[in-house]
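Hi everyone, thanks for coming along. Let's take a few minutes to walk through a structure together, one piece at a time.

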Amino acid sequence: MRIALSWLQEFVGLRESPDELRAVMDDLGLVVEGIEHVGAGLESVVVARIDEISPIAGADRIRRIKVDAGHGPLEIVCGAMNFSVGDHVPLAPVGAVLPGGFEIAERRMKGVVSNGMLCSARELGLSDDHDGLMVLDHLIAPVVGQPLLEALDVVPDVIFDISVEGNRPDAWSVAGVARDLATRLGRPLSAPTLAQPNAGAVTSSVAQAAIEDEELCGRLTVSVLRKVVVGPSPAWIRRRVESAGMRSISNVVDASNLVMIELGQPTHPYDLAHVAGQTIRVRRARTGERLETLDGVVRELAKGGRGLGDTGVDCVIVDGDDVVIGLAGIMGGASSEISQSTTEVLLESAFFDPMTIARSAKHHGLRSEASNRFERGVDPQLALRAVARFVAILRESVPDLEWLDEPIDLWGVVPELPSITLRDGDVERSLGVAIDEDVVVEILEGLGFSLRRSGRDLIVVPSTARLDVRSGAAGRADVIEEIARLYSYRRLPRHTPTWPQPGGLSERQVLRRLVRDVVVDLGATEAWTPSLGSDVDFELLHPQLRRVRITNPLTAEESVLRATMITGLVRAWVRNVERGTGDVVLSEMGVVFTHPDDAKIPRPSKGGVQGAVTLILPNENERLTVILGRELDDALSAVALWSVLAGRLGLADVVVRSLKEPVPGFHQTRCAELTDRSTGALIGHVGEVDDELIATLSGALGGRRLGLVDIDLDALADQDRVIRRSQVAQIPSRYPSAVVDLALVAPESLNAQDLANALRTASPLVESVQLFDVYRGATLEHGTRSLAYRVRFSSPDRTLSESEVSKVREHLIEVAQSTGANLR
């Protein structure tokens, strides 16, 4: 939003420099994106008359122009086409320096010397109009050779380009910005000149109005103006409108735009002669209705209905014949547009529902200055004040203007202002600093808030211009924010937050990150598969289990919470194979769900114990699942991966045991369980993916073998039961070690790792025990197999003698026999 400094100074006395004001406005949250100095650099620009226009040989985009600037004819080369002989335009002669530091020099184009430049309004920094030269004849009575600043009565000014936040509807006006400045600087706020009705007749004798949908239109005022003469606006009004980035059109339209920028209240003038029945009504658009707006576009209005979906619900203005003549709060219709023949004006000033305007503007792709303000919420009390200001401005160019008495003023539903209790100490608790109560009252009253005492509390009712202030605790925060903003955030002392205990990762987070790092280090690619699947996917592995089904699925394929990640990862591996990237290890750390059965978590409702309800939530289990899909991966690869992971985690008692019963998703025979040897707790499984599952999901790839690791992270997180971390490094002996091999015949029921652990702990001289061979054959008894271990002995302080080694060997054999194994 562009605001001239001279305009602000009409509301509040400002002695500060533009840079000082910029700092103040930035601190108020009215961020100044740029400062523009209007009128600077135009001292050399003069009024010139077009005397001759002729083409230039070989050029179709430029012409030779002869002008008279008061000192004889000059030749200028110009590319603009919007002027004719006899018109008066601005001329920047050779040597002039235009805004932005652009110096005019003599130039030769197509063999013609250009002795200056004819200028557009944008090149002069007077407006954004760059459609052609700035033709002066319809603005002033030009005099050849007269300085342009004198001809236009332009006074050098400063324009602030302000970026206003969406939650500050009051700041979308000069008055709103001036109110903030006056409150911050402690200076009085002046009010603009307002007109009074001056015609004997009352408005209702000429025009009628009605609100048919009070939710869409909270207030509708209608005024009638007579003896209107449409023409150009006075120079100062044109400057004001153009300084705001808008184009001056006529005195009536300019007055409406000026009021909107100055006060923040859009108004809309209709040609009364083209409003059927001299009546306007506000209602909801009906299906099939169309409107040609002022921009010449015919728009199909919303489809009707109560919902506010993508199409929105259009609020429209209709005439006495129920014909749409305006898109309320956004743009008027072409049928009742102000023209040179207009003599009577019906002026509408209203309050419309902000969300309706916002959605309607978005639906039609039509953003206007009016919609920008209505969709943020204008002051419902401002309508008639804006009309009075409109009349006062229009009387500058139409002194005989008549404004009929008793304007029509209709009310619908407007937002209710909250009553907010500001308790003693609230400001200090929120801002960390005590602000004197008199300062708080001065700030809030400066913003137009109403205040009253209730004991030690301050009851605050926000201004009608501040519809962004909420109720309750949120409203209290809004009020304190306004106090801080006007008091200045820079005046608040800075505090470094402190807390008794610094933050850090929980044990669960440390475990999760360590597991992920180890798996990635081993070459796995982290994957994500959906936690929602279909009944078909569920039945692949768990047809007998009860399902956790959501009640509002987007599709049937995403209606059941997964009970395993194996299906999703195998499906992801198949997609990679189909795209030539199947030589991959995929891992996922996520949550699987099982039916709660008896796991009920009671949560009382708002009614207390008597009204308590019981919510049955699904059981959640965090797991790590790894699919090893490289060419030679199998169950041994899975066991190797688990061994590295167990070593990095410092697990001491988790062993690989044969299965007692099949596990869904795993191969029937190539699978083992991971259990805590001391407690028997199940930690997970290792092995290969069920070949039937691979065939079902991949078809032609059914012959591939995939390694599979599935770990229960919830069990791993139970440190008291499972994880045994050792932070002490084992220093190897400096002395030679001795190695012996033991072939032990053990029953199938004896776990090889249990036997190895028994051997490892049998003597402090045992450095390591490694299983290197398993044999089953006819030479062995039924239900047994031969386990061959390589045992390494060492001592940290000496070389072991042969007798010592033999003695330890005999002891190991005795230990093995105690577990049920015998020397082969």
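Which domains does the domain assignment of the protein chain give? Before I answer, please keep in mind that this is a predicted model. The assignment gives domain 1 (2-39 + 158-185), domain 2 (46-153), domain 3 (203-411), domain 4 (420-487), domain 5 (507-716) and domain 6 (738-823). Notice that domain 1 is written as two stretches, 2-39 and 158-185. As for domain 4 and domain 5, their C-alpha centres are 55 Å apart.

Five strands make an open sheet, in the order 5-4-3-6-11, with antiparallel pairing. At its edges sit strand 5 (73-78) and strand 11 (117-118), and each of them pairs on one side only. Further in, strand 3 (residues 46-56) pairs with strand 6 (residues 88-92) in the antiparallel sense, over four bridges.

Next, a helix. Helix 12 covers residues 472-487, which is 16 residues. From first C-alpha to last, helix 12 reaches 23 Å, close to the 22 Å expected at 1.5 Å a residue.

Which residues of helix 12 are buried? They are Gly475, Arg476, Asp478, Val479, Ile480, Glu482, Ile483, Ala484, Arg485, Leu486 and Tyr487. And what do these buried residues pack against? Their partners include helix 2 (18-27), helix 4 (174-185), helix 11 (437-446) and strand 28 (457-461).

One last stop: just after helix 12 comes serine 488, with a positive phi of about 100°.

Note on methods:
Residues are numbered from 1 along each chain as its sequence is written. This is a predicted model: local features need pLDDT of at least 70, side-chain atom pairs count only at pLDDT 80 or more; totals for chains, interfaces and linings use all residues. Side-chain values use heavy atoms; hydrogens and water are left out. Helices (H or I, at least four residues) and strands (E, at least two) are DSSP runs, numbered from the N terminus. The expected span of a helix is 1.5 Å times one less than its number of residues. Buried means under 20% relative accessible area, exposed over 50%, partly exposed in between (1.4 Å probe, protein chains only). Contact means heavy atoms within 4.5 Å. Two strands pair if DSSP finds at least two bridges between them. Domain bounds come from an automatic or database domain assignment.
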